[in-house]
Protein chains: 4
Amino acid sequence: MRADARRNRARVLAAAEAVFQEAGAAATTEQIARRAGVGIGTVFRHFPTKSDLLHAIITDSLERLTVRVTELESHGDPATAFYDFFTELVRQAGEKHGVMALLAQTGEAPAVHKPIDAWRATVERLLARAQAAGAVRPDVGGDDVLALLLGLCQTAVTTGWDDTRCRAVLRVVFDGLAARH
Amino acid sequence: MRADARRNRARVLAAAEAVFQEAGAAATTEQIARRAGVGIGTVFRHFPTKSDLLHAIITDSLERLTVRVTELESHGDPATAFYDFFTELVRQAGEKHGVMALLAQTGEAPAVHKPIDAWRATVERLLARAQAAGAVRPDVGGDDVLALLLGLCQTAVTTGWDDTRCRAVLRVVFDGLAARH
Amino acid sequence: MRADARRNRARVLAAAEAVFQEAGAAATTEQIARRAGVGIGTVFRHFPTKSDLLHAIITDSLERLTVRVTELESHGDPATAFYDFFTELVRQAGEKHGVMALLAQTGEAPAVHKPIDAWRATVERLLARAQAAGAVRPDVGGDDVLALLLGLCQTAVTTGWDDTRCRAVLRVVFDGLAARH
Amino acid sequence: MRADARRNRARVLAAAEAVFQEAGAAATTEQIARRAGVGIGTVFRHFPTKSDLLHAIITDSLERLTVRVTELESHGDPATAFYDFFTELVRQAGEKHGVMALLAQTGEAPAVHKPIDAWRATVERLLARAQAAGAVRPDVGGDDVLALLLGLCQTAVTTGWDDTRCRAVLRVVFDGLAARH
DNA sequence: TATGAATGAGGGTTCATTCAT
DNA sequence: AATGAATGAACCCTCATTCAT
């Protein structure tokens with residue numbers, strides 16, 4: 001029965017991500033339950049609060065991202081790793097629409113600070129290596145990079161960037177990141 | 001009593017901006033009324049729909065921005081005008097928190113397309129002049145600039161940038177915008 | 001100034017009748033004011049309560065009807081007077097739509113009992129004469145006739161009878177009223 | 001829990017009928033909930049809109065009436081069936097006060113056209129048989145009969161007829177319906 | 001006196017959360 | 001453990017009524 005429960009938890013999580021993506025911040029718990037193919041009671045058994053669900057989604061996403069960073073680090077040179085990661089993230093941003101909206105709307109942002117901090121460390125390592133390799137100017141900090149990253153992701157998400165727009169914007173930002181004072 | 005009414009309308013508008021800023025998109029009409037020091041009926045007399053209120057705030061803000069652009073254009077050289085405007089906007093973004101969030105997440109965006117479009121034209125003129133003066137690379141379009149602008153504003157707003165952060169991020173973006181090939 | 005006031009009172013009354021007719025029970029006091037071409041404050045100066053307005057409309061209508069009965073009585077024979085009045089009333093019923101609806105919906109019905117009672121006496125006299133002339137069966141009372149009258153008026157109003165329907169239904173009822181035991 | 005739900009649905013329906021009857025069209029959803037002994041949310045779970053609730057009551061009532069017609073048809077001769085049905089309906093009308101009022105005054109009528117049409121066919125069959133048996137004059141149509149029926153029901157309902165009044169009015173109408181030439 | 005802006009109780013409806021099955 | 005019906009606080013909005021001008 002533990003196996004069933006775990007599968008349900010995963011299903012709900014996936015459904016929540018999908019529904020937030022489609023319906024935005026207005027997504028209801030019932031929509032999520034329906035999409036997951038479970039009763040609404042089951043959603044609440046696993047995530048006693050909508051906030052918990054949100055928290056879980058974020059944590060989950062960040063964990064996957066951390067794995068991805070590690071992968072990139074081990075496969076390529078620091079510069080490529082850094083820029084590829086950045087690009088990938090902005091491109092994928094579209095998938096996080098509703099979650100971001102909800103985060104912005106509820107006072108939940110503090111609740112996800114911990115997972116974000118964990119992830120931040122990873123990103124900072126990525127940046128440090130790229131800087132050590134001379135691929136990124138030395139006068140930007142991890143927070144600046146994260147700020148840029150978040151900003152572009154949010155807008156990508158909000159205004160629905162296509163590939164051309166992505167490329168154009170990233171070219172500017174990357175040139176800026178690579179610039180010597 | 002026309003005078004009173006006008007004063008109240010302004011009060012409500014200001015209160016709405018403030019409350020959206022503090023409470024995010026979840027702000028209640030009642031909170032706004034309370035903050036404005038009027039009854040809830042008064043809010044609805046002036047803005048029959050929450051959406052109308054939102055629309056009014058956006059229009060109002062964009063109008064002020066347009067005025068500002070014109071000012072900058074007439075006082076300085078194209079490069080300074082462009083970069084100052086960009087900077088100013090991102091800095092002020094913090095004051096528009098809730099509104100931006102609302103814009104980004106509700107289905108209300110279409111309702112404000114007209115003021116946004118009007119404003120876009122103004123920004124494009126600013127850019128064109130800066131490019132003609134050689135202060136901005138020629139391979140970025142108005143939409144790219146707006147995308148960057150919106151992205152940074154949103155994040156500034158969402159994550160509460162202070163001045164230092166603003167400066168750091170803008171330095172990177174400006175270097176990117178100024179970069180040759 | 002008294003003349004202005006009286007004219008306004010009449011205007012409001014007429015507007016109210018018209019608006020109730022068009023908008024039904026959902027008519028707002030503001031619609032009435034607008035239609036009367038006065039401010040909403042003026043409506044309330046003359047009729048401190050919506051209920052008062054309703055009451056005034058009913059009283060007004062019933063007074064006009066009483067006048068009409070007297071006219072018919074003095075001009076024709078009792079049978080014609082009775083049947084013409086009945087016919088006329090049902091035909092005109094369409095004009096009372098909203099008022100009837102409001103009466104039915106609010107608990108105001110008791111408030112108009114007095115004017116109705118006054119009118120009832122008039123109708124009963126009409127009936128008595130028609131019965132004395134042998135034109136209406138003797139075993140129906142004034143209340144029965146009023147009940148029939150009201151029933152047909154209401155339905156005429158509610159379901160929008162045309163002339164053909166009016167005629168067909170009245171033929172049946174008149175035959176019933178004329179029938180010997 | 002399907003059983004509980006069904007019981008609650010029925011309770012709400014019954015409560016709604018009762019409350020509409022007492023409070024008229026102005027009946028509040030909360031009054032209904034209170035009367036049904038359930039939370040307001042339950043009312044909305046079963047009838048997502050006040051209009052839906054209305055629709056359900058009408059449909060329900062008409063269905064019961066259709067059943068009753070069929071019963072009468074199979075048990076007695078056409079004349080008795082017709083007149084008994086007519087009598088029964090007007091007598092029961094007192095129990096449908098609010099619903100009739102609602103039907104008569106809101107824009108909801110269109111929503112219940114289908115059940116009404118179905119029922120009309122039934123009544124027309126009843127009439128046709130009574131006419132074939134010579135119990136009803138041949139020059140009245142189904143619509144005329146329905147008009148009379150509705151008118152009497154509405155008034156019965158609006159003005160609270162007792163049995164004596166019912167009998168007196170119906171005697172007149174029945175004589176009219178039976179009249180030759 | 002006339003005006004119309006301001007008021008706020010109250011209505012319909014939604015949805016996170018609880019709880020009986 | 002899973003279900004989904006029940007709950008009710010809270011939301012947006014309306015409109016009769018009041019009151020400052």
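Trainee: How many salt bridges are there between chain B and chain A?
Mentor: There are 8 salt bridges between chain B and chain A. Please keep in mind that this is a predicted model.

Trainee: Which residue forms a salt bridge with A:R171?
Mentor: That partner is B:D139, and the closest N and O atoms of the two residues are 3.1 Å apart.

Trainee: And how many residue pairs are in polar contact between chain B and chain A?
Mentor: The count is 6 residue pairs, with both residues at pLDDT 80 or more.

Trainee: Which elements of chain B supply at least two residues each to the side that touches chain A?
Mentor: They are α6 (97-105), α8 (142-159) and α9 (163-178) of chain B. The largest share comes from α8(B), which provides 11 residues.

Trainee: How do the residues on that side of chain B divide by class?
Mentor: The side of chain B that touches chain A has 16 nonpolar, 9 polar and 7 charged residues.

Trainee: What is the area buried between chain B and chain A?
Mentor: It is about 2,400 Å², and carbon and sulfur atoms give 58% of that area. The contact itself takes 32 residues from chain B and 31 residues from chain A.

Trainee: Let us turn to the DNA. How many residues surround DNA strand E?
Mentor: DNA strand E is surrounded by 35 residues, and the closest are B:N8, B:G39, B:T42, B:R45 and C:T42. By class, this surface has 14 nonpolar, 15 polar and 6 charged residues.

Trainee: What part of DNA strand E does B:T42 approach?
Mentor: A polar side-chain atom of B:T42 lies 2.5 Å from a phosphate oxygen of DNA strand E.

Trainee: What about the bases: which atom of C:G41 lies 3.0 Å from a base nitrogen?
Mentor: It is a backbone N or O atom of C:G41. Several elements give two or more residues to the surface near DNA strand E, among them α1 (2-23) and α3 (40-46) of chain C. The element that gives the most is α3(B), with 5 residues.

Definitions and conventions
Residues are numbered from 1 along each chain as its sequence is written. Chains are lettered from A and ligands numbered from 1 in the order in which they are written. This is a predicted model: local features need pLDDT of at least 70, side-chain atom pairs count only at pLDDT 80 or more; totals for chains, interfaces and linings use all residues. Side-chain values use heavy atoms; hydrogens and water are left out. A residue is near a molecule or strand if one of its heavy atoms lies within 4 Å of it. A polar contact is a pair of N or O atoms within 3.5 Å; within protein, one must be able to donate a hydrogen and the other to accept it, and residues adjacent in sequence count only if both atoms are side-chain atoms. Helices (H or I, at least four residues) and strands (E, at least two) are DSSP runs, numbered from the N terminus. Ala, Val, Leu, Ile, Met, Phe, Trp, Tyr, Cys and Pro count as nonpolar, Asp, Glu, Lys and Arg as charged, and the others, Gly among them, as polar. Contact means heavy atoms within 4.5 Å. Buried area is the accessible area (1.4 Å probe) that two parts lose on being put together, summed over both. A salt bridge is a side-chain nitrogen of Lys or Arg within 4 Å of a carboxyl oxygen of Asp or Glu.
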